[in-house]
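This report describes a structural model for a reader working with coordinates. Please consult the sequence and the structure shown below alongside the text.

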2 protein chains.
Amino acid sequence: MKELTPQMKLIKALAESSESKIILLIIDGLGGLPLSENGQTELEIAHTPNLDSLAKRGICGMLDPIQPGITPGSGPAHLALFGYDPLHFTVGRGVLEALGVEFPLEESDIVGRMNFATVDKGGRLTDRRAGRISSEKGRELCSMLGHINVKGVEVFVIPVSEYRAALVLRGSDLSDRLSDSDPQAIGVAPLEVKPLSPEARMTAQMVNDFISRARQVLSKQHPANMILCRGFGKYSPFPSMEEVYKLRSAAVVAYPMYRGVARLVGMEVMPTGKGIEKEFSTLRENFQSYDFWFLHIKHPDSAGEDGDFQRKVTLIENVDQLLPHLTELNPDVLVVTGDHSTPCTLKAHSWHTVPIVLTSRWVRPDRVERFNERECLYGGLGRFPATYLMPLALAHALRLKKYGA
Amino acid sequence: MKELTPQMKLIKALAESSESKIILLIIDGLGGLPLSENGQTELEIAHTPNLDSLAKRGICGMLDPIQPGITPGSGPAHLALFGYDPLHFTVGRGVLEALGVEFPLEESDIVGRMNFATVDKGGRLTDRRAGRISSEKGRELCSMLGHINVKGVEVFVIPVSEYRAALVLRGSDLSDRLSDSDPQAIGVAPLEVKPLSPEARMTAQMVNDFISRARQVLSKQHPANMILCRGFGKYSPFPSMEEVYKLRSAAVVAYPMYRGVARLVGMEVMPTGKGIEKEFSTLRENFQSYDFWFLHIKHPDSAGEDGDFQRKVTLIENVDQLLPHLTELNPDVLVVTGDHSTPCTLKAHSWHTVPIVLTSRWVRPDRVERFNERECLYGGLGRFPATYLMPLALAHALRLKKYGA
C-alpha cells in the first residue's frame, strides 16, 4: 500500500462524513490554444451558455495539472485531480489498463502495456498498432499468448481494446525497473527489454523470453505478428478516497485506462454505454447512491490530438448542452475542468494551465462571466496545483473540519 | 558535486535534445517602485514599444525571485532563474567572484570575497573600498599579498576588479563556517573572523593569521592599507545545464560575478566588450552555436542602487531599442525579465516581484499589452517562483517529454 503524503494526511485528519454531494466533470484535454496569433481558443469559440452560467455564479481559476511547464499523461493528470500527488503516487500505464478491464491485480504484480504490432520479414516494425485489429481478434490473440509458459513466473495476457493489451507477471523477487521494447518508431526492430537496475535482470530475461515465444506463436497472424511492451510498473494499491476523504465515490467513464485510475483510488466504476449522453444518464440514475461522482468525457482530447479544431469546439458544445442534467440534480458542489490541455494546434497534451469552475452555495463569486482560458485567468481561485482541487471541493461541500482550535 | 533537488531530477528525466533555441534576457534590478504615492514605476514611465510588443503577443506574469518577502543577492537570484533552487544550491560570493575571473577553483577550496580598505592610525575603517583604487593597483597589491605564507594551507589572492578581490584557501579539513571580518560600517575596526562551528576553528585561525600579515604588508599602501573579508564559502561544483536540461548554453555577461554564476552552471562565457550594444552583438554573432543564451544587462540595477530614477528609465529604454536584435533571430523562446527589483526609491535590491514576458509559437496569449509591474500582474503566467522559469521555457521550446502515460 502506498503511503499518504503529508498533504493527504492533513486532509484525511480533517475530512468528515456528510450527506453533501460533489460532482467532478472532467472534459479531457479541455484547454487549448488559438489557431492564429490573434485568434481564439477552442473554448473561446465554442458557444457554451451553460458553462458560462456556471462561471457567472461560481468561482473560476486555472489549474496546473502537475506543475508549471510539465505536460502530464492522462494517468498522472487524473490522480492529481483526485488529490493524489502524481510525483508520489506513480503508476505504470499497464497497471491502469489492467485495472480498467477489471483484472484482479495482486500486490507486487509487474504490469506492462502491450500492443500488437506488425513486423516485416527482416523483423522491422511496419505498424505499431497491427492495422488496428478488432477487439475480438485482440481477445483471440491474447488467449493464444496466455498459453506461453515462462519458467519461474505466472504470466497473464489481458485484452484491453483492439490492438491494446496488458502483460502481467506474477511471482517473487520481480522488479519493474525495465526498459520498453517499443521503440516508438517504425522501420526499426523492437528493442530488447533491459534491466534498469541490477535487481531487474531476472525479470528482464523473463519478459524477453516471453516476447520471443510470442513472436513464434504469432508468426502466422499477420498483421498482428509481433508484440511491443512499454511502461512496466509494479502494482501497489493506493489508499482509497473513502479512507482519505470519507467519500463513497463513483465513476462514469467510457475508456478502460480511466476506469483503471478510478479503481486505483477506490471508486465504484459504473457500467455505462459509450457516448456522452449515456454517461450523463448513468450518473443521473445512480446519483443518490454516492457522495462523489467523477464523470469523464474523453472525446475533446481525441479531437485535440487529431488537430481537429472544429470537432473539439462541437464536442465542447455537446457537453455544454448536457450540463443541465447535472445542475438539475442540485449537487452541493459541481466542478467542471479538464485533466490537462490538448491544443489542436499542438496535436498533443500540453503543459498549459486548464480553466476550472466550481459552484456551490458557499463560493465567493468573482467577476468571471465566461468559461474559457482567458476569462478564468481572472477568477477568484487564481492559478493553483490540481492537487488542491479536492480540498477545495470538500471545503465547499462543508466536509472539512477546522484545522486547530 | 551538489545533489539535484527532486524538482530538478524531474526536469532532468523529462528534458530532451532539440534544435530549438531559447534566449533569456535579464535586465538586472528591473522591477521598481513609483517615486510618489500615486506615481509610476521606472518601467511604467519608460517608453518601451518593443517590450510592449512582446507583452502583447507573449504571456506575462510576475516572478518571485526566492519567495514572498525575501530580497535576493545577485547570485541566488540568478541561480533561481536558471532553475537551481538557491536555498539548496548555496554558494559564497567569493566563489562566484573567483569563477568570474576564471580562477581554476578545486573542490573543497574555501573562498571569501575580499575588499581593499582604508583604516586610520587607530585601526578604524575610514573607507571600505580604499578610495576605489584602480584595477591595476588592485592586481599589484594582490600579487604582494600572494607571497604571504600561512602554515598548513595554500593561499591565493585573486584580483577581481578595482578594490575587489577573492581569497582562496586550499588544504585539508578546512571549513567555510566563518564569520565576516567586514563590519559593513565605517568608524569601527575590522572584526576578528570567528568560527561559526567547532570544526572551523583551525580555518578561522588561518584567515586571521593571513589578515594580520596582510595588514603588515599593506601598511605603507594607504589608502589600501587593510583588507576586509566576507561571504566565505566552500566550492562544490554544480550539475551543469547540459546535464540537467540537455542545453548547450552560453552567457554574454560583462561583470565578473555574473560570469561566475554562469560558469557555475556550466555555461560557456563568451568574451564580450563592455556596453549593452556589444553584448547584443556578441550574442548575434554566436547565436547558432548554442541552444540557450543568457544575456545579462547590469546597468539598470546600478542606477537603482544609486537612486537615479531617470537614468534607470533611460537604460531600460536603451535595452528596449536593442530588442529587435534578438527578435530578428527568431528564437523559439524569448524570455525577458529581471533577477530582482532594485527600486530607485529604495536604493537597494528588494523583495518585490519582477515582471516577466515569454514569447513562443506555443504561448497561450493573455490580455497584457504593456510590459510593466502593474500590467504583468494580470498575465497568464500569474505569480510564480523563479525556479519554474526554466521548466516553462523548456516546455515552450518543446524540450520536455510528457510525464507519465
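**Relation and contact of the chains**

The model is predicted. Chain A is superposed on chain B by a rotation of 123° with 0.1 Å of shift along its axis, and the RMSD is 0.2 Å. This is the relation of a three-fold axis. The copies use different surfaces, since 4% of the contact residues of chain A recur in chain B.

At the interface, 20 residues of chain B are in contact with 27 residues of chain A. On the side of chain A that touches chain B, α4 (74-81), α14 (373-376) and β13 (382-385) of chain A each supply at least two residues. By class, this side of chain A comprises twelve nonpolar, nine polar and six charged residues.

**The sheet of chain B**

In chain B, eight strands form an open sheet with mixed pairing, in the order β9-β8-β10-β1-β11-β12-β2-β13. Its edge strands are β9 (268-269) and β13 (382-385) of chain B, each of which pairs on one side only. In general, strands of a sheet pair through backbone hydrogen bonds, either parallel or antiparallel.

| Strand pair (chain B) | Sense | Bridges | Bridge partners |
|---|---|---|---|
| β11 (residues 333-337) and β12 | antiparallel | four | Val336(B) and Val357(B) |
| β8 (residues 249-252) and β9 | parallel | two | Ala250(B) and Glu268(B) |

How many residues of strand β12 (residues 354-360) of chain B are buried? Seven of its seven residues are buried, and the strand is mostly covered. Both faces of β12(B) are covered. One side carries Val354(B), Ile356(B), Leu358(B) and Ser360(B), while Pro355(B), Val357(B) and Thr359(B) lie on the other.

**A helix pair in chain B**

Helix α4 (residues 74-81) of chain B and helix α9 (residues 256-264) of chain B have axes that come within 10 Å and cross at roughly 40°. The crossing of α4(B) past α9(B) is right-handed. From α4(B), the residues Ser74(B), Gly75(B), His78(B) and Leu79(B) meet Met257(B), Tyr258(B) and Val261(B) of α9(B). The residues of this contact divide into four nonpolar, three polar and no charged.

Most residues other than glycine have a negative phi, and most peptide bonds are trans.

In chain A, the peptide bond from His222(A) to Pro223(A) is cis, with omega near 10°. Pro223(A) lies in the loop between α7 (201-217) and β7 (226-234) of chain A. In chain B, His222(B) and Pro223(B) are joined by a cis peptide bond with omega of about 10°. Pro223(B) belongs to the loop between α7 (201-217) and β7 (226-234) of chain B.

Ala130(A), although not a glycine, has a positive phi of about 50°. Its place is the loop between β4 (125-127) and α6 (135-145) of chain A. Is Ala130(A) buried or exposed? Ala130(A) counts as buried because it has 26 C-beta neighbours inside 10 Å, and the cut-off for a buried residue is 20 or more.

Lys347(B) is not a glycine either and has a positive phi of about 55°. Lys347(B) is located in the loop between β11 and β12 of chain B. With 13 C-beta neighbours inside 10 Å, Lys347(B) therefore counts as partly exposed.

Definitions and conventions: Residues are numbered from 1 along each chain as its sequence is written. Chains are lettered from A and ligands numbered from 1 in the order in which they are written. This is a predicted model: local features need pLDDT of at least 70, side-chain atom pairs count only at pLDDT 80 or more; totals for chains, interfaces and linings use all residues. Two residues are in contact if their C-beta atoms, placed from the backbone, lie within 7 Å. Ala, Val, Leu, Ile, Met, Phe, Trp, Tyr, Cys and Pro count as nonpolar, Asp, Glu, Lys and Arg as charged, and the others, Gly among them, as polar. Axes are lines fitted to C-alpha atoms, for helices over the stretch in contact, and angles run from 0 to 180 degrees between N-to-C directions. A crossing is left-handed if the near helix is turned anticlockwise from the far one by less than a right angle, and right-handed if clockwise. A residue is buried if 20 or more other C-beta atoms lie within 10 Å of its own, exposed if 12 or fewer, and partly exposed in between; C-beta atoms are placed from the backbone. Two strands pair if DSSP finds at least two bridges between them. Copies are superposed by least squares on the C-alpha atoms of residues with pLDDT of at least 70 in both.
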